[in-house]
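Hi,

Here's the structure I said I'd pass on.

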Amino acid sequence: MKAIVFAAGIGSRLKPFTDRHPKALAPVAGKPALLHVIEKLVAAGADTVFVNVHHFASQIVDFLDSCNFGVPVVVSDESDMLLDTGGALAKLWRENEMLRTMPDNEPIIVHNSDIITDFPIQELADTHGDAAVLADESRKSSRAFLFDKDLRLKGWCNTDKGITRPSGLDTTGLHAAAFGGVHKLSTHTLSELSNFCGDELHPFGIVDFYLDKCQTLDIRGFEPKSAYRWFDIGTPQKLAIASEIMANLQPDY
């Protein structure tokens, strides 16, 4: 299993911390969020971890150099251009032969560095289909993926603005679930994403790719079997809540 961690974001909602530091190094219960995420992925069986960097990139590189995770950690430098989630994956695919030569049945786990979770990663890795996304029907969000009864992705909605994608989508029988910032991809899916990007790397979100390809690729929603903890540390208030709770818990990973 390979793992990719998104750590390039500017984190404008997490000011003033992100005025001087990358969001990925925000402290959660005494250690950087990025450390929580990588430790979780390695414990689940990741034998290589890729990390993209942009905002205060050198701080993340120095941090990674100071750690011994027991597996190789490969940095994807986006200092010249922040590529968003889709562009970041296209860059990794094009620049790393290790990914391109993986067998298609070997999972690639993609994890936002500003999401702290403790569900069993192996459950996600074992999910069938070209891709799978952590989906939570109970978490309130104005923007959500839309799935059919088999948890196959059919579209997306913004309830505040009354928008659906694809436009005119018949939502009868579909159920909404908030995206949890963790995915499983196959090499076939990464190859398709790189083609979707076009010849020149440019910023685009992976959600745009999912919505464009959900009729031809088997993209599934993933729901952990047991209750799990999930934190978005994107604002000072959310970071404080995550830190307080995590400080009193022993992570399952």
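Below is what turned up on charged side chains and their partners.

A word on the ground rules: this is a predicted model, so local features need pLDDT of at least 70 and side-chain atom pairs count only at pLDDT 80 or more, while totals for chains, interfaces and linings use all residues. Residues are numbered from 1 along each chain as its sequence is written, and side-chain values use heavy atoms, with hydrogens and water left out.

Let's start with the salt bridges. A search of the whole structure gives 13 of them, where a salt bridge is a side-chain nitrogen of Lys or Arg within 4 Å of a carboxyl oxygen of Asp or Glu. One is Asp 19 with Lys 15, whose closest N and O atoms sit 2.6 Å apart. Asp 19 is partly exposed at 42% relative accessible area, and Lys 15 is partly exposed too, at 44%. (Buried means under 20% relative accessible area, exposed over 50%, and partly exposed in between, with a 1.4 Å probe and protein chains only.)

Lys 23 and Asp 114 form another, with 2.8 Å between the closest N and O atoms. This pair links distant parts of the chain, 91 residues apart: Lys 23 is in the loop between strand 1 (2-6) and strand 2 (27-28), and Asp 114 is in the loop between strand 6 (108-112) and strand 7 (115-117). Strands (E, at least two residues) and helices (H or I, at least four) are DSSP runs, numbered from the N terminus. Lys 23 is buried at 15%, and Asp 114 is buried at 11%.

Then there's Arg 152 with Asp 218, at 3.9 Å between the closest N and O atoms. Arg 152 lies in the loop between strand 9 (143-147) and strand 10 (153-158) and Asp 218 in the loop between helix 7 (206-213) and strand 13 (219-222), so the bridge ties together parts 66 residues apart in sequence. Arg 152 is partly exposed at 23%, whereas Asp 218 is buried at 17%.

There's also a salt-bridge network linking Lys 2, Asp 47 and Glu 106.

Now for Asp 130, in the loop between helix 5 (121-125) and strand 8 (131-136). Asp 130 is buried but has no salt bridge; Arg 152, its nearest side chain of opposite charge, is 6.1 Å away. (Lys and Arg count as positive, Asp and Glu as negative; His and the chain ends are not counted.) Beyond its neighbours within four places in sequence, Asp 130 has contacts (heavy atoms within 4.5 Å) that include Lys 184, His 188 and Asp 218.

Cheers
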